[in-house]
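Let's take a friendly tour of some rings and a helix. Have the model open as you read.

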Amino acid sequence: MASKQQGQVKKWQDDKGFGFIQTENGDSVFFHINEFKARRRPEIGEQVVFTLGQDNQGRMQAKDVQELDFVQQTMAKKNKQIRQRNHKRSAQADFEAGQKKRLFLGVGFYGVLILLAIMDKLNWLVVGWYAALGIITYAMYAKDKAAAQSGNWRTPESTLHLLSALGGWVGAMVAQTYLRHKSQKAEFRAVYYLTVVINMAGLLFMLAGGDISFLKDLLDSLI
């Protein structure tokens with residue numbers, strides 16, 4: 001493929017439909033109106049981009065003559081689209097990697113709870129509590145997202161945070177990741193992390209010998 005060259009229209013005879021382009025090397029190259037790709041007549045002094053070719057008689061002439069500004073704008077637009085496409089691909093790759101990490105974290109946390117229960121370090125009631133709250137919290141996030149999309153009554157953020165603090169933070173984390181709900185609001189995310197800290201502190205308290213009778217009482221009141 002012939003390489004593009006840049007030049008300037010130095011002469012144009014509108015009545016005859018041809019002119020000459022001065023190249024960057026100072027050469028003068030003939031071009032015909034049929035090779036000018038803009039929907040107007042060429043103007044003396046304007047910058048153009050073209051390729052060198054030959055006419056039917058083997059004489060050198062400019063082919064595919066385009067406005068330099070148009071070419072630059074087109075290239076800038078294409079480069080912008082490429083950058084946006086690459087950014088989306090990178091963001092999607094990061095998102096998918098984050099999904100795997102969060103899912104692994106959630107599964108790992110439940111695995112640790114089960115292991116502690118097997119070792120009699122933790123009551124099975126606590127394991128069931130975390131599993132139930134995780135499912136309930138995920139369902140509440142899904143319901144709230146559906147309500148947001150349909151314009152129905154929303155679930156208060158305080159309710160979602162309360163569920164997270166009580167033990168449903170894994171379900172909240174999975175919902176934020178896979179449903180992409182409540183994952184961009186910085187204030188909400190900050191409070192969410194606080195609920196995780198609060199819940200983990202409570203779990204450590206139980207592991208250190210704290211009383212978990214409140215869980216039994218709460219379950220009895222719900223049943």
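Is tyrosine 192 buried or exposed? Tyrosine 192 is buried, with a relative accessible area of 3%. Keep in mind that this is a predicted model.

## A pair of tyrosines

Tyrosine 192 has an aromatic partner in tyrosine 193; their centres are 5.5 Å apart and the planes stand at 55°, a tilted arrangement. Tyrosine 193 is partly exposed, at 44% relative accessibility, whereas tyrosine 192 is buried.

Across the whole structure, a search turns up 9 aromatic pairs. In one of them, phenylalanine 18 and phenylalanine 30 have ring centres 5.3 Å apart and planes at 40°, so this pair is tilted. Phenylalanine 18 belongs to strand E2 (residues 18-23) and phenylalanine 30 to strand E3 (residues 28-32), so the contact ties together parts that are 12 residues apart in sequence. Phenylalanine 30 has a relative accessible area of 23%, which makes it partly exposed.

Elsewhere, phenylalanine 188 has the charged end of lysine 182 over its ring, 5.3 Å from the ring centre.

## A bent helix

Now turn to helix H3, which covers residues 157-178. Its 22 residues would reach 32 Å as a straight helix at 1.5 Å a residue, but the end C-alpha atoms are only 18 Å apart. Where does H3 bend? The bend is at glycine 168 and amounts to about 120°. After H3 comes arginine 180, with a positive phi near 55°.

Terms used:
Residues numbered from 1 in each chain as written. Predicted model: local features only at pLDDT ≥ 70, side-chain atom pairs only at ≥ 80, totals over all residues. Heavy atoms only, no water. Phe/Tyr/Trp six-rings, centres within 6.5 Å; stacked < 30°, edge-to-face > 60°. Helix = DSSP H or I, 4+ residues; strand = E, 2+ residues; numbered from the N terminus. Buried < 20%, exposed > 50% of the residue type's maximum accessible area, 1.4 Å probe, protein only. Lys NZ or Arg CZ within 6 Å of the ring centre and 35° of its normal. Expected span 1.5 Å × (residues − 1). Bend = angle between axes of the 7 residues up to and from the residue.
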